[in-house]
Amino acid sequence: MKIVVLIKQVPDTTEVKLDKKTGNLIREGVDSIVNPDDRQALELALQLKDDCQAMVTAVSMGPPQAVDVLSEALGMGCDAAVLLTDRAFAGADTWATSTTLGKAIEKIGDFDLILCGYQAIDGDTAQTGPQIAEYLGLPQACYVDNIENVEAGKITVTRRNDEGYERLSLTLPALLTVSKITVAPRYPMMGNLIDAGCEDAAIQIWNAVDIGALNSELGMEGSLTQVVKTFSPKTKRAGELLEGDVPEMVSELLGKVRQAHLI
Amino acid sequence: MSMIRSDSEALIKKTMARFVDEEVIPKAREIDESGEFPYDLFKKLADMGVLGLRYPKSVGGSGGDTVLYCVAMQELARGLMSLAATTAMQCLMATNGLYLYGTKAMHEEYLYPALKGEKIGAFQLTEPEAGSDLGNVRTSARKTADGYVINGMKTWSTNGPKGDFHTVLCQTNPDKGLKGLMFFFIPTDTPGFSHSKKFDCLGTRSSTLSEIYFNDCHIPKEYCLGEEGRGLDVLLTILAEIRIMTAALAIGLHRAAMDDSIKYCKERVQFGKPIGKNQLIQAKIANMAVNLEAGQLMVDKVTRLVRDKKSCLNEASMAKYFTVESACSASDEAMRIHGAYGYSMEYSVQRYYRDNRFLLYGGGTHEVLQTTIARQYLK
Ligand SMILES: Cc1cc2nc3c(=O)[nH]c(=O)nc-3n(C[C@H](O)[C@H](O)[C@H](O)COP(=O)(O)OP(=O)(O)OC[C@H]3O[C@@H](n4cnc5c(N)ncnc54)[C@H](O)[C@@H]3O)c2cc1C
Ligand SMILES: Cc1cc2nc3c(=O)[nH]c(=O)nc-3n(C[C@H](O)[C@H](O)[C@H](O)COP(=O)(O)OP(=O)(O)OC[C@H]3O[C@@H](n4cnc5c(N)ncnc54)[C@H](O)[C@@H]3O)c2cc1C
């Protein structure tokens, strides 16, 4: 079985700061990490590797330093990694990102399963996975939290929704987006991290030419959307939940209202 | 395309930092108060290959070196000193003699399992009459036809009561003093081995320390670790590394004390402003920061010298002396910054204050280190 996991390098903060002038993320001084959902996607892939000797390839598109998330993926036990990096990829919206990743997956070829995170903590759109599935013409399931089994060209997964769980069966090859799995993703192994830093590490670096993409399909040029303005939403006052039995909560509430000189 | 690769040292630091933040810090107080060594965390570290950081893959290690080992120990000490100290010992003192001088069979039986966290090692120099003065070691190793018989006692043995095997400094010939010293490998299941009950200590409370007794312990001749009479040389091959590892532990604890202090300086408001706005508090933070930076540079320099097999015992002694004193001062200042709350078990600074004292003794007391450092200049 051949699995491709798409992982994104994101800033280590849920409070992303924006440059007021350009509207872009301010990345300086903020540590970069593997997007948390993607770490979970890696864990599910590596569990399949443990169970049925899958070959797992991690892929990331980003600037050269995004190689760090791929090294971590190798650290966790992935067999190979591909970094897609090229100035031509810069400024991509989710459409151009999906096209780029889709073309890279086509080049890898011969895959049975593609795993993505459900959502990136910086871009936050949750569009990339589904768009790649469309691009490649694959069945997809989003918000998957468990892979129950893989058998006879089919994969059975569960995902949580408001009512409970859904169990879905998909024909392989398929694409899953992953979130909220029940186990903690494994930590990278020291020996693998050491190997990942070596020249002969199993990391390939591909540019636009390598994946056979035209500049018109990539980056800013290939984007269907343009960000006009980015801003932080004004935070509303936080609510407060009182706990206890009813008389307790009522007297606490009255106290608070009095304290605020509202009565 | 051109080579784009990660810096493994930075990745190891980051991975260990995440492990410490997620797995160690949330449990540190509970572990310290229980007094029980956290074997579950130790096993997790083993599974990540941390115990084998200094050893090649050919013996089940991770293929790293002293630099990476000390980077990992620094982070671990930021979380919990007991865990860091035992891990550091397993990586170095408890296993190095076995690695260098053990037979293939000994590697199979003890080294591989030790690096997987399945067997625990201990390292025994100290005796009631031999602390700084190792020439006074009296635990005896008497040669027999097929091996040695060990008799005597050791004290202050980290992992002593829980260890599966021990690297023990013994005297093979009392007339020869330091030149009669030799290390021996003694498995716990050797008949005649026993230990006292666990010591009750000020700090590193979840480390397990005790006295160890050897009563006619027969061991085969392969358990002599190195050439007879060269025990001091064997110790000298890792002494710089022991000292710089101790310095790395001090750096980790210093950082924890400083991080907590900075946080508290911003949170605690007195006289209508955060206490960090007071110049005397700022002076404490500045001193912590300057000492930490200087100590970090020393550690980074000496770990590289050790890695590159350059002689650096004096530099390692200076680094150990400076960083441990700095961490003592930082944990003391952290207690003051926290006011009465620093005195409460609720806050971690009291633990840093207690735990750091342990670093003062192992690897050479600071009185002895100052003497040996000065000797380099007054000779
Ligand atoms: C070099 C670069 C420049 C950019 N410039 C701009 C810009 O100028 N304007 C703008 O609007 N946006 C820009 N982006 C952001 C980009 O549009 C989004 O990050 C990207 O489309 C993914 O969307 P998302 O973050 O919402 O991810 P989501 O759709 O929420 O991510 C879902 C999952 O898709 C996968 N995935 C997403 N992105 C990647 C990736 N890069 N590599 C591998 N897997 C991935 C992961 O598995 C992830 O969990 C840029 C991104 C890069 C890398
Ligand atoms: C928590 C903990 C764990 C330990 N774990 C181990 C272990 O696993 N294995 C092990 O072998 N040992 C261990 N030790 C023991 C440690 O190595 C010794 O404490 C250390 O070697 C010092 O010996 P001592 O305590 O007997 O002090 P002493 O040597 O008795 O020193 C007492 C005082 O006299 C001073 N002094 C001694 N000689 C001189 C001199 N020549 N000049 C100036 N001043 C001098 C010392 O600096 C000190 O202030 C541990 C100790 C602690 C606290």
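Modeller: Two strands pair if DSSP finds at least two bridges between them, and strands (E, at least two residues) and helices (H or I, at least four) are DSSP runs numbered from the N terminus. This model is predicted, so local features need pLDDT of at least 70 and side-chain atom pairs 80 or more, while totals for chains, interfaces and linings use all residues. Residues count from 1 along each chain as written, chains are lettered from A and ligands numbered from 1 in written order, and side-chain values use heavy atoms, without hydrogens and water.

Biologist: Thanks! What makes strand 7 and strand 10 of chain A a pair?

Modeller: Three bridges join these parallel strands, and pairing asks for at least two, so they qualify. Within this pair, Ala141(A) is opposite Leu176(A) in strand 10 of chain A. Strand 7 of chain A also pairs with strand 8 (residues 154-161), in the antiparallel sense, over six bridges. Val144(A) has Arg159(A) as its bridge partner there. Two residues lie between the strands of this hairpin, where Ala152(A) has a positive phi near 45°.

Biologist: Why are strand 9 and strand 11 of chain A said to stand at the edges?

Modeller: The open sheet of chain A has nine strands in the order 9-8-7-10-6-1-4-5-11, with mixed pairing. Strand 9 (164-171) and strand 11 (203-206) each have a single partner strand, so one side of each has no neighbour in the sheet.

Biologist: How do you know that helix 1 of chain A packs on the sheet?

Modeller: Contact means heavy atoms within 4.5 Å, and helix 1 (residues 36-52) of chain A touches strands 1, 4, 6, 7 and 10 of chain A. Its direction makes about 150° with that of strand 6 of chain A; such angles run from 0 to 180 degrees between N-to-C directions, with axes fitted to C-alpha atoms, for helices over the stretch in contact.

Biologist: What makes the area between chain B and chain A "buried"?

Modeller: Buried area is the accessible area (1.4 Å probe) that two parts lose on being put together, summed over both. Chain B and chain A bury about 2200 Å² by that count, 60% of it on carbon and sulfur atoms. On the chain B side, Ile4(B), Arg5(B) and Arg18(B) lose the most area to chain A, together 28% of what that side buries. In contact terms, 26 residues of chain B meet 25 residues of chain A.
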